[in-house]
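Colleague: I should like to learn how to read a protein model feature by feature. May we go through one together?

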Amino acid sequence: MKKTIISTLLLFFFITLFAQRSEKEFKKAHVYYTYGEYDVALKLHYALYKRDSLYVKNNYYLGICYLEAMQNEKALNIFQKIKFFRTDYKKIFLEYDFY
């Protein structure tokens, strides 16, 4: 019983730590995006995507960076993944567009 509780607490700790790290890295990438440094933002968003491909907010901006880099096929693939995993994707696109 004790092992189960400790294991659960450790798992929760690492999940929380990972989420905080992802959000911190996202904010760094978003600063570059905001200032029009799309090539740097693309690399940072893509690195985060490789670790967490279900992070919808990151995926949205990764898709936008691909569009800015004229990589339309890659952008389309990213946006289709968002649409597949989230049925409320239209709301998400509107929400993030005004971030």
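Predicted model: local features only at pLDDT ≥ 70, side-chain atom pairs only at ≥ 80, totals over all residues.

Modeller: Side chains of opposite charge can pair when their charged atoms come close. Here Arg-51 forms a salt bridge with Glu-25, and their closest N and O atoms are 2.8 Å apart. Arg-51 belongs to helix 2 and Glu-25 to helix 1, so the pair links distant parts of the chain, 26 residues apart.

Colleague: Are Arg-51 and Glu-25 buried or exposed, or something in between?

Modeller: One reads this from the relative accessible area, where buried means under 20% and exposed means over 50%. Arg-51 has a value of 34% and is therefore partly exposed. Glu-25, at 26%, is also partly exposed.

Colleague: How many salt bridges does a search of the whole structure find?

Modeller: The search finds 2 salt bridges. Besides the pair already described, the side chains of Glu-23 and Lys-57 meet in a salt bridge, with an N to O distance of 3.6 Å. Because Glu-23 lies in helix 1 and Lys-57 in helix 3, this pair ties together parts that are 34 residues apart in sequence. Glu-23 is partly exposed, with a relative accessible area of 24%, whereas Lys-57 is buried at 13%.

Colleague: Which residues of helix 2 are buried, and how are they arranged around its axis?

Modeller: The general idea comes first. An α-helix has 3.6 residues a turn, so residues three or four places apart point the same way. In helix 2 the buried residues are Ala-41, Leu-42, His-45, Leu-48 and Tyr-49. Viewed down the axis of helix 2, these buried residues fall within an arc of 135°, so they line one face of the helix. The face turned away from the buried side carries the exposed residues Lys-43 and Lys-50.

Colleague: What span should helix 2 have, and why?

Modeller: Helix 2 has 14 residues, and at 1.5 Å a residue it should span 20 Å. Its end C-alpha atoms are 20 Å apart, which agrees with that expectation.

Colleague: Which residues does His-45 touch?

Modeller: A list of contacts shows what surrounds a side chain. His-45 lies in helix 2 and, at 0% relative accessibility, counts as buried. Leaving aside residues up to four places away in sequence, His-45 touches Phe-26, Ala-29, His-30, Asn-58, Tyr-61, Leu-62 and Cys-65.

Colleague: Which members of the largest nonpolar core touch the most other members?

Modeller: Such a core is a set of buried residues joined through their side-chain atoms. The largest one in this model has 18 residues, of which Tyr-33, Tyr-60, Leu-62, Tyr-66, Ile-78, Phe-79 and Ile-82 touch the most other members. Helix 1 (2-34), helix 2 (38-51), helix 3 (56-68) and helix 4 (72-85) each supply at least two residues of this core. Helix 3 gives the most, with 7 residues.

Colleague: What may be said of the chain as a whole, in burial, contacts and surface?

Modeller: Of the 99 residues in the chain, 29% are buried. Among contacts between residues at least 6 apart in sequence, 45% join residues at least 24 apart. The chain exposes about 7400 Å², and carbon and sulfur atoms supply 63% of it.

Methods: Residues numbered from 1 in each chain as written. Heavy atoms only, no water. Core = buried A, V, L, I, M, F, W, Y, C linked by side-chain atoms within 4.5 Å. Buried < 20%, exposed > 50% of the residue type's maximum accessible area, 1.4 Å probe, protein only. Helix = DSSP H or I, 4+ residues; strand = E, 2+ residues; numbered from the N terminus. Expected span 1.5 Å × (residues − 1). Arc of directions from axis to C-beta. Contact = heavy atoms within 4.5 Å. Areas by Shrake-Rupley, 256 points an atom, 1.4 Å probe, with all protein chains shown as cover. Salt bridge = Lys/Arg side-chain N within 4 Å of Asp/Glu carboxyl O.
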